[in-house]
Amino acid sequence: MSPTEKRVAALAKARTLTETAQAEGRAFTAEESQLFEGLMAEVRTQGIIGVANQARAEVYANGTRTRDDLRGGKWLANEIRTLVPGSGSGTAIDGTSYANFALETLALESTFLRSGVNQITIGDGLGQSLTIPTITADATSYNLAAGSAITASDPTISATVATPQKFAALTSISNEVLFDANPEVFQSVSTSLVKSLATAFDLAAFTGSGTAPAITGLQNVSSIGTVSMGTNGASLSSLDQFAEAIGAVVAAGGRPSAIVVGARTYLAMLKLKTLTSGANMPLLLDGGAQDGAGAAIPPSIYGVPLYVSGNLPANETQGTATTCQSAYVYDASQVHAVFRRARGNTTSLVSLERDSSALFGSDITQLRGILRATIAVPYAGAVCRIKGILA
């Protein structure tokens with residue numbers, strides 16, 4: 001295998017490790033951590049070998065390079081620059097491979113997206129919105145005798161307008177680090193920015209206040225179902241509240257397909273037992289099952305897949321309690337994540353741009369990431385919030 005092929009293979013194995021752990025809502029085991037570090041070392045090693053081979057090939061091809069030109073710094077700088085087409089300040093990082101990387105990273109880091117909600121992408125025009133028509137009441141049907149006149153009736157149709165809002169992140173990188181270090185530093189910083197954007201969107205998708213410029217998260221969508229843990233909140237002693245929330249979504253005409261809980265609530269659920277004594281089997285069985293393709297199957301409650309988010313806050317107020325957390329049960333087919341394409345790009349959701357001019361005097365390059373997104377819930381009955389969950 002060539003250095004590039006070895007590097008790609010190592011990255012694929014590392015991604016599989018990460019996806020498995022995230023799907024199971026856990027950290028790496030000691031063995032997985034060691035394996036991951038080994039794979040990353042392989043990626044770095046093969047990247048350096050590939051750059052060195054490129055340098056050697058060009059020397060032999062034209063005989064114009066000097067020994068100094070073969071120093072790792074210059075060649076690694078060239079390798080980094082190939083990730084950023086064009087030149088000058090404000091250079092955009094573009095291309096199909098980047099678009100795929102950004103979308104995959106968003107999905108990995110956002111529990112909201114992983115839960116199966118619809119994902120809709122609209123054009124890159126500023127201020128552009130999406131109107132989603134919704135039938136809130138059907139036309140009336142009648143049981144009639146033969147030959148009887150049919151009374152005309154119309155369905156009730158409403159419209160939900162979704163306008164993506166801006167999520168942004170900015171970081172500064174020393175040019176010495178950017179140009180003299182391993183080229184993976186650029187990829188790492190890019191990944192970090194996309195991860196930060198995905199985390200911010202994930203939090204807003206659940207808890208956004210709706211006060212501009214904040215988007216309206218599930219928690220603040222008008223008329224969603226609600227199950228309360230009591231005036232001042234309470235700890236879980238069973239899964240009854242989840243049964244109530246599932247029932248509320250079904251009663252409203254939805255088909256519950258996702259339950260999202262915070263990490264603290266998930267831990268409390270894992271500790272619940274079927275009995276107070278005796279066999280004391282856990283109520284929630286999370287055996288790490290896999291599907292036919294080897295992908296982890298999320299645990300479920302009453303047949304509804306359970307997803308764990310590290311982004312749900314545990315400082316909500318209910319009555320006198322100030323350390324409450326919420327959980328959400330919803331029909332993901334009735335919930336939409338709406339994205340606006342990155343400016344001037346037909347494939348990517350995230351706009352990543354670099355600029356070396358703003359901090360030119362400090363020899364620093366800045367990297368900026370922008371994601372424009374919002375959520376839409378045309379049918380509020382498809383969502384039920386369990387609020388006031390204490391540890």
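Is I246 buried or exposed, and what is its relative accessible area?

A: I246 is buried, with a relative accessible area of 12%. Buried means under 20% relative accessible area, exposed means over 50%, and partly exposed is in between, with a 1.4 Å probe and only protein chains counted. The model is predicted, so local features need pLDDT of at least 70 and side-chain atom pairs count only at pLDDT 80 or more, while totals for chains, interfaces and linings use all residues. Residues are numbered from 1 along each chain as its sequence is written, and side-chain values use heavy atoms, with hydrogens and water left out.

I246 sits in helix α8, which spans residues 240-251. Helices (H or I, at least four residues) and strands (E, at least two) are DSSP runs, numbered from the N terminus. Beyond its neighbours within four places in sequence, I246 is in contact with P256, I259, I301, Y302, V304 and V329. Contact here means heavy atoms within 4.5 Å. The C-alpha atoms of I246 and P256 are 6.2 Å apart, and the two residues are ten apart in sequence.

Y302 is exposed, with a relative accessible area of 53%, whereas I246 is buried. The phi of Y302 is near 55 degrees, a positive value in a residue other than glycine. Most residues other than glycine have a negative phi, and most peptide bonds are trans.

In α9 (residues 263-271), the residues T265, Y266, A268 and M269 are buried. Viewed down the axis of α9, its buried residues fall within an arc of 160 degrees, so they line one face of the helix. The arc is taken from the directions between the helix axis and the C-beta atoms. In general, an α-helix has 3.6 residues a turn, so residues three or four places apart point the same way. The cover over the buried residues of α9 includes α8, β8 (258-262), β9, β10, β12 (321-330) and β16 (383-390).

The loop between α7 (184-207) and β6 (225-228) holds P213, and a cis peptide bond with omega of about 5 degrees joins A212 and P213. S223 is also in the loop between α7 and β6. Phi of S223 is near 75 degrees, which is positive for a residue other than glycine, and S223 counts as exposed at 64% relative accessibility.

Now the whole protein. There are nine helices and 16 strands, and 40% of the 391 residues count as buried. Among contacts between residues at least 6 apart in sequence, 72% join residues at least 24 apart.

Finally, confidence. The average pLDDT, the predictor's confidence in each residue from 0 to 100, is 79, and 74% of the residues score at least 70. Over residues 47-56 the pLDDT is below 50, and this stretch has twelve contacts in the model beyond near neighbours in sequence. Over residues 58-99 the pLDDT also stays under 50, and the model has 66 contacts there beyond four places in sequence.
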